[in-house]
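Here are a few friendly notes to read alongside the model. I have kept them as numbered points so that you can check each one against the coordinates.

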Amino acid sequence: MKATETPPAVAATEPAPVSKSKSPAPGGKEKGSEGQVLNVFSHGVLIIWAILVVLPLLWAIMSSFKNDDSILSTPWALPDKLHFDNWSRAWSQAHMSDYFFNTILVVGGSLIGTLLLGSMAAYVLARFDFPGNRFIYYLFIGGMSFPIILALVPLFFVMNNMGLLNTRHGLILVYIAYSLPFTVFFLTSFFRTLPGSVAEAASIDGASHTRTFFQVMLPMAKPGLISVGIFNFLGQWNQYMLPTVLNTDPKYRVLSQGLVELANSQGYKGDWSGLFAGLVMAMLPVLAAYIIFQRQVVAGLTAGAVK
């Protein structure tokens with residue numbers, strides 16, 4: 001027998017193909033140029049928007065330190081002298097101090113109540129599964145789309161029958177009910193992004209649901225609370241329709257009502273400098289709140305979007 005000769009082993013590896021440099025896509029330069037044009041256009045729109053917002057604000061602040069003759073004769077010129085008496089006159093004679101006090105009490109009380117009740121409702125809706133959970137959640141969402149002007153007349157009679165008309169605490173309750181739908185909607189989405197293992201660890205350690213919420217979950221939701229708190233503060237501070245209908249007593253007028261009263265009374269007297277001073281007084285707390293908490297607002301909006 002003849003031994004079969006084995007054929008020579010065939011090389012398993014083939015020579016690697018020569019890499020060819022990729023030629024740039026024919027539309028690469030066009031896409032880059034389109035991106036630059038879009039970037040320039042967006043920045044231009046933002047600059048125009050900033051000018052439209054900042055210029056009236058600066059003009060109002062500048063006019064609050066001028067006298068009436070300068071406001072009417074040279075409205076765009078800088079004040080030749082700072083008239084601080086405009087601010088003192090608006091604060092004392094126009095009763096801006098009383099309006100500020102009432103507004104701080106009403107907005108402060110309603111803001112605390114809104115954040116407390118809204119966070120508790122949002123935590124339950126986000127973390128517990130029970131019959132009617134989604135129905136209650138959609139009820140809050142429906143409250144966001146309900147126009148408040150349709151509820152003014154029945155709300156007036158309800159407040160009157162309960163003895164809450166023309167009172168600060170009645171206005172606080174209305175502000176809380178008005179702000180709860182958005183607060184619950186915002187915080188429910190935020191609580192869903194928080195890790196559930198932390199709450200489970202707290203329950204294993206013997207913490208009750210109340211203690212877990214106030215000592216564990218609520219501190220973790222601080223960015224979301226700050227964000228929704230700023231939005232509620234802006235909406236409640238500038239609210240005009242609700243206090244006009246439900247708060248007709250001059251003793252309990254809030255700042256928005258006081259500004260309208262100041263515009264009506266000072267306008268006939270020609271005290272434009274006092275009117276601008278009162279207007280700037282009303283804007284300063286809102287500007288200060290946004291400047292101080294702008295980073296927290298952005299952090300709260302982005303923290304709820306990423307797990």
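1. Contact here means heavy atoms within 4.5 Å. With neighbours within four places in sequence left aside, Leu255 is in contact with Met96, Tyr99, Phe100, Thr103, Trp237 and Ala282.

2. A word on the basis of these notes. This is a predicted model, in which local features need pLDDT of at least 70 and side-chain atom pairs count only at pLDDT 80 or more, while totals for chains, interfaces and linings use all residues. Residues are numbered from 1 along each chain as its sequence is written, and side-chain values use heavy atoms, with hydrogens and water left out.

3. Leu255 also belongs to the largest nonpolar core, which has 24 residues; those with the most contacts inside it are Trp87, Met96, Phe100, Phe233, Trp237, Leu255 and Met281. A nonpolar core is a set of buried Ala, Val, Leu, Ile, Met, Phe, Trp, Tyr and Cys residues joined through side-chain atoms within 4.5 Å. Buried means under 20% relative accessible area, exposed over 50%, and partly exposed in between (1.4 Å probe, protein chains only).

4. Which helices supply this core? H3, helix H4 (96–127), H10, helix H12 (255–269) and helix H13 (272–303) each supply at least two of its residues. H13 gives the most, with eight residues. Helices are DSSP runs of H or I with at least four residues, strands are runs of E with at least two, and both are numbered from the N terminus. Apart from this core lies another, of 17 residues, among them Val106, Leu152, Leu246 and Val254.

5. Do have a look at Pro285, which has its place in helix H13. Pro285 is partly exposed, with a relative accessible area of 22%.

6. How many salt bridges does a search of the whole structure find? The search finds two, a salt bridge being a side-chain nitrogen of Lys or Arg within 4 Å of a carboxyl oxygen of Asp or Glu. One joins Asp85 and Arg89, with the closest N and O atoms 3.7 Å apart. These two residues are separated by about one helical turn because they sit four residues apart in helix H3 (residues 85–92). Asp85 is partly exposed at 40% relative accessible area, whereas Arg89 is buried at 19%. In the other, the side chains of Arg253 and Glu261 meet at 3.7 Å, N to O; Glu261 is partly exposed, at 35% relative accessibility.

7. Now the aromatic pairs: rings of Phe, Tyr and Trp (its six-membered ring) pair if their centres lie within 6.5 Å, and planes under 30 degrees apart count as stacked, over 60 as edge-to-face and the rest as tilted. By this rule the count comes to 16 aromatic pairs. Trp91 and Phe100 form a tilted one, 5.6 Å centre to centre with 45° between the planes. Trp91 is partly exposed at 41% relative accessibility, while Phe100 is buried at 11%. Phe182 and Phe231 pair edge-to-face, 6.2 Å centre to centre with 75° between the planes. Phe182 lies in helix H7 (residues 168–193) and Phe231 in helix H10 (residues 222–237), so this pair ties together parts 49 residues apart in sequence.

8. Finally, Tyr123, Phe128, Phe191, Phe213 and Phe214 form one aromatic cluster.
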